[in-house]
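I wanted to look at the ligand site and the pockets in this model. My entries are below the structure.

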Amino acid sequence: MSDVTVIGGAGHEGYGLALRWALAGKSITIGSRSPERAMEAAQKIKHTAAGFGKTVTVDGQENAAAAAAAPVVVVSVPLAAQIATIKAIREHLQPNCLLVDVTVPLATAIGGRASRMLGLPAGSAAEQLAEYAPAGVQVVSAFHFLSADLLAQAGPDGPIPIDCDVVACGGDAQAQEVIRDLAVAIEGVHYLHAGPLVASRLVEAAATMLIAMNVRHKVRHTGLRITGHHG
Ligand SMILES: NC(=O)c1ccc[n+]([C@@H]2O[C@H](COP(=O)([O-])OP(=O)(O)OC[C@H]3O[C@@H](n4cnc5c(N)ncnc54)[C@H](OP(=O)(O)O)[C@@H]3O)[C@@H](O)[C@H]2O)c1
């Protein structure tokens, strides 16, 4: 049993989140379609942590087994793979688990530009995931503004703090506390809740805006801070 499973944890965003949470003391299961890839990513996190003098608890498993391994399951795969991924794992999720979506529905899914967002029949990527989630499983969307590159960035003594907020949508009060805890486990990050899952339409659009600004201004790491709140 782990604290958090990251499906797609051998990929860019999932790996960065898994690394940060492992370093913060969470036990992590990496999920992949390939158990070898999952175990390789877990080993890499352990190796990185050892470089900072830390021992972390991370394992790697095929997606279905990984989905069963934690009460919080983050789905970190490209939009084009999201439905196939939830279909592959939904029967294996723990009853009443929390499903976390990080998907930014970029037009790249249909060969378009990364600076454009796709309209989806469900309204947003998170609502699309929720359509396929089993009854009793809450879906929350979060972490869209944190770039994979920044999550993986480290100095000699540990990961570099990230100057960005996490804006989450959906979930009851208890679910929101779980996401807050995961967000603030990443040094520098503040947490805000934007409202019900439908608000993910706005958050996913804002994440696309950041990517568009990266392209326009030839930078890699625009982020977002919401001011005038107390967390
Ligand atoms: N990259 C970022 O900076 C960033 C920031 C915020 C949010 N996001 C969101 O995070 C999600 C993951 O982004 P990423 O950059 O990490 O993507 P990625 O590295 O291209 O893919 C992540 C993982 O998804 C799985 N995957 C890829 N294609 C698949 C397919 N056709 N079918 C099934 N599984 C497939 C792969 O896992 P296995 O092969 O191991 O199964 C892969 O390692 C996306 O929805 C993205 O919008 C990304």
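The entries start with the ligand and then turn to the pockets.

I am working with a predicted model, where local features need pLDDT of at least 70, side-chain atom pairs count only at pLDDT 80 or more, and totals for chains, interfaces and linings use all residues. Residues are numbered from 1 along each chain as its sequence is written, and side-chain values use heavy atoms, with hydrogens and water left out.

Ligand shell. I found 19 of them, and Glu13, Ser32, Arg33, Arg37 and Val77 are the closest. By class the shell holds 8 nonpolar, 8 polar and 3 charged residues. In this scheme Ala, Val, Leu, Ile, Met, Phe, Trp, Tyr, Cys and Pro are nonpolar, Asp, Glu, Lys and Arg are charged, and the others, Gly among them, are polar.

Polar contacts. I took pairs of N or O atoms within 3.5 Å. A polar side-chain atom of His12 is 2.9 Å from a ligand oxygen. Gly11 has a backbone N or O atom 3.3 Å from an oxygen of the ligand. For Val77, a polar backbone atom lies 2.7 Å from a ligand oxygen. The ligand alone exposes 880 Å², and the protein buries 73% of that (Shrake-Rupley method, 1.4 Å probe).

Largest pocket. Which space does the ligand take? It is the largest pocket (more than half of the ligand's atoms within 2 Å of its grid points). I noted about 1000 Å³ of space there, the volume being that filled by probe spheres set on the grid points. The lining has 20 nonpolar, 16 polar and 5 charged residues. Of its 41 residues, His12, Glu13, Ser76, Val77 and Pro78 lie nearest the centre.

Second largest pocket. This one has about 150 Å³ of space. Its lining counts 13 residues, with Leu23, Lys54, Pro159, Ala185 and Glu187 closest to the centre. I recorded 8 nonpolar, 1 polar and 4 charged residues for that lining.

Pocket terms. A pocket is an open set of points on a 1 Å grid over the protein atoms alone, where a 1.4 Å probe fits, with protein on both sides within 12 Å along at least five of seven lines; lining residues have an atom within 4 Å of a point.

Note on methods: Near = heavy atom within 4 Å. Polar contact = N/O pair within 3.5 Å; in protein donor to acceptor, adjacent residues only side chain to side chain.
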